[in-house]
Amino acid sequence: MQFYLDGYRPGDPFVQEAHADVESRTGALPETADVVIVGCGPAGLVLAAQLAQFPDIRTVIVDRRDGPLEVGQADGVACRTVEMFEAFGLADQLIHEGYQVNEVSFWRPDERDGSTIVRTGRIDDVEEGLSEMPHMIVNQARMLAYLRDHMSRSATRAEPCYGLHVTGVEVDPDSDAYPVTVTAQRMRGGEPTGESAAIRAKYVVGCDGARSGVRQAIGRRLEGDAANSSWGVLDVLAVTDFPDIRVKSVVHSEQGSILIIPREGGYLVRLYIELDNERDAEMLRERSVTPEKLAAVANRILHPYTLEVKQVGWWAVYEIGQRLCRRFDDAPDDVPEDEVDSRPPRVFIAGDACHTHSAKAGQGMNVSMADAWNLGWKLGTVLRGTAPPEVLPTYSAERQRVAQELIDFDREFAAAVSNRPDTESDRNEFQEYFRRQGRFTAGVAVRYEPSILTSAAAHQQLAEGFPVGMRFHSAPVVRLADAKPVHLGHAARADGAWRLYAFADRAHPAAPDSALRELADFLGSTRSPLTRFTPAGYDPDAVIDVRAVLQQWHRDVSVSDLHPVLLPRKGRFGLVDYEKTFCPDPSADIFDHRGVDRDTGCLVLVRPDHYVAHVLPLDAHEELVAFLADVLVDV
């Protein structure tokens, strides 16, 4: 991570210099705000953390609780989510603290004695090469703490406002400045105090859960069905002779099914316990489930192994159900999602407010955070004035489709976990199913359809490993200036900038016939998108961040061979940024690993949320400008 751009300061370099009006933003609720976020769960705080990177934007985050969540419900952190946390500089902390899921074991009734269970196989949890980041287990409350800490270190010093229950959201279509009015009751100990507050905002985002008041206020509703299946969840400290207690395990026995998820810290474990509609009917009907009864069911399923619970950290019972909203914003229903109404959306919903599903696939928190990750940069750049409002409707269009895919997957996955594979063929197919679905559960299978933000894949053959519409799949490289091995994708921060990765042709970057140098000449000219779309006073990489990947090894080329576009001058001192150019890693050449055409090279344009927007030839200068002209604002 880079710092000291605008001058050396002692102390923690990861604490940004406070914005000039930070003091005026603390204390009492403001009368107006650019964005009001309702809810401090995973979606709300990812959105708040993203918007905190735009110091000029005033964001207010409210939650009806008296304070931060102490015990979280969600715990699975998909590979893609860890990649996202890397953009905030939080991945190392998450990985250090969490439990890393490496393998999945499978258990079934013993063919010789069906009353006992035996292990039938183990597979890798994450496919080799799927991501440089692991699948982690971390308590949701800790994830939220990471994000709050990140917000507190930002230039905005953002922090949530607790004890506010939103009771109304109204949009005035005739108002341009602050068209949305949010009213709220003050709460203490879960009860209203009799006091109220109101904030006028440019945009409002409801991240307030499955019972979302914001969703109701804009006339949206969750549609779908609840399945006739109940599961208990226990987070426990326990003593057991079950040998795979520290391995993610799927257990099918004659007494039911159980999913075992080891937790962080080396001792805690989560149990997802199937409750049988016949054996457990009485306690389900009478709602008399207790942790002790759930532990008894777990012992019944795990026989002949035993589980002695010493302490329960958290427990719950839930019914599997899949429900989804038709749109994730307040745009009229008769306006197609890929078109812009005369009144663009002003109110959005994210996370459980617009989609609900079972917990066993570990997707709820991850997909909710991905919703906010998709929306945050769009709001931030529109409010900053570098992107047009036309990008905002793409949020609902893109994320509603992803949520529908999740609903379909969750229904299938929940049935697969509940249904006991009886034959050897069934058991093999069940394990293969887990392997096949690994890309989805890792969060890397999302592919956005063509839109103003994502092109058609006309030039995909130039970089087969960077599919248009999918997340930019990082790979090892060596940074030219200091010979440091790094991951290319980790150069991207949660800062709202587009990334233009220029994969060079074979020519030396200083050679007259270098297509990379010709590109750099264009990017340094008056016709350049950098000139056209970067406001005065901004650093040259604030809107479009240009990075180059050479084919030469790092010892065969020098910084002095680079074009000035790849050595931009930044900050109040005009310092040189030396971290824009990379070379292949000898152990894993990125050109080979990502199928980049060595003869011609190519451009890979990546959105601020790190999804590939376009793949182009190095000399497709005008085509690049034409695409960006629809998603960026001329200065």
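How many nonpolar, polar and charged residues does the lining of the second largest pocket have? Point 4 takes this up.

1. Basis. This is a predicted model, in which local features need pLDDT of at least 70 and side-chain atom pairs count only at pLDDT 80 or more, while totals for chains, interfaces and linings use all residues. Residues are numbered from 1 along each chain as its sequence is written, and side-chain values use heavy atoms, with hydrogens and water left out.

2. Annotated region. An unreviewed UniProt entry lists residues 446–633 as "domain: Phenol hydroxylase-like C-terminal dimerisation"; such annotations may be inferred rather than shown by experiment. Over residues 446–633 the chain is 14% helix and 20% strand. Helices (H or I, at least four residues) and strands (E, at least two) are DSSP runs, numbered from the N terminus. The end C-alpha atoms of this region are 27 Å apart.

3. Nonpolar cores. A nonpolar core is a set of buried Ala, Val, Leu, Ile, Met, Phe, Trp, Tyr and Cys residues joined through side-chain atoms within 4.5 Å. Buried means under 20% relative accessible area, found with a 1.4 Å probe on protein chains only; exposed means over 50%, and partly exposed is in between. The largest core has 112 residues, and L379, W498 and L628 have the most contacts inside it. Helix α9 (residues 364–384) gives the largest share of this core, 8 residues. Another core, of 23 residues, lies apart from it and includes V468, V477, F591 and C602. Leaving aside residues up to four places away in sequence, L628 touches W498, P529, F533, I544 and L605; contact means heavy atoms within 4.5 Å.

4. Second largest pocket. On a 1 Å grid over the protein atoms alone, a pocket is an open set of points with protein on both sides within 12 Å along at least five of seven lines, and lining residues have an atom within 4 Å of a point. The second largest pocket has a volume of about 1,600 Å³; a volume is the space filled by probe spheres set on the points, which are joined across faces, edges and corners. It has 50 lining residues, of which Q73, G209, A210, R211 and D352 are the closest to its centre. Strand β16 (307–324) supplies the largest share of the lining, 7 residues. To settle the opening question, the lining has 21 nonpolar, 19 polar and 10 charged residues. Here Ala, Val, Leu, Ile, Met, Phe, Trp, Tyr, Cys and Pro count as nonpolar, Asp, Glu, Lys and Arg as charged, and the others, Gly among them, as polar.

5. Helix α2. Why is α2 largely enclosed by the rest of the structure? It is so because 10 of the 10 residues of α2 are buried. Among them are P42, G44, L47 and Q50. The elements that cover the buried residues of α2 include β1 (32–38), β2, α3 (79–87) and α9.

6. Cavities. A cavity is a set of grid points where a 1.4 Å probe fits but cannot get out. The count comes to 6 cavities of 30 Å³ or more. The largest cavity has a volume of about 240 Å³, and N366, V367, A370, G443 and V446 lie nearest its centre among 18 lining residues. That lining divides into 11 nonpolar, 4 polar and 3 charged residues. The second largest cavity has a volume of about 140 Å³. The lining of the second largest cavity has 5 nonpolar, 4 polar and 6 charged residues, and its largest share, 4 residues, comes from α3.
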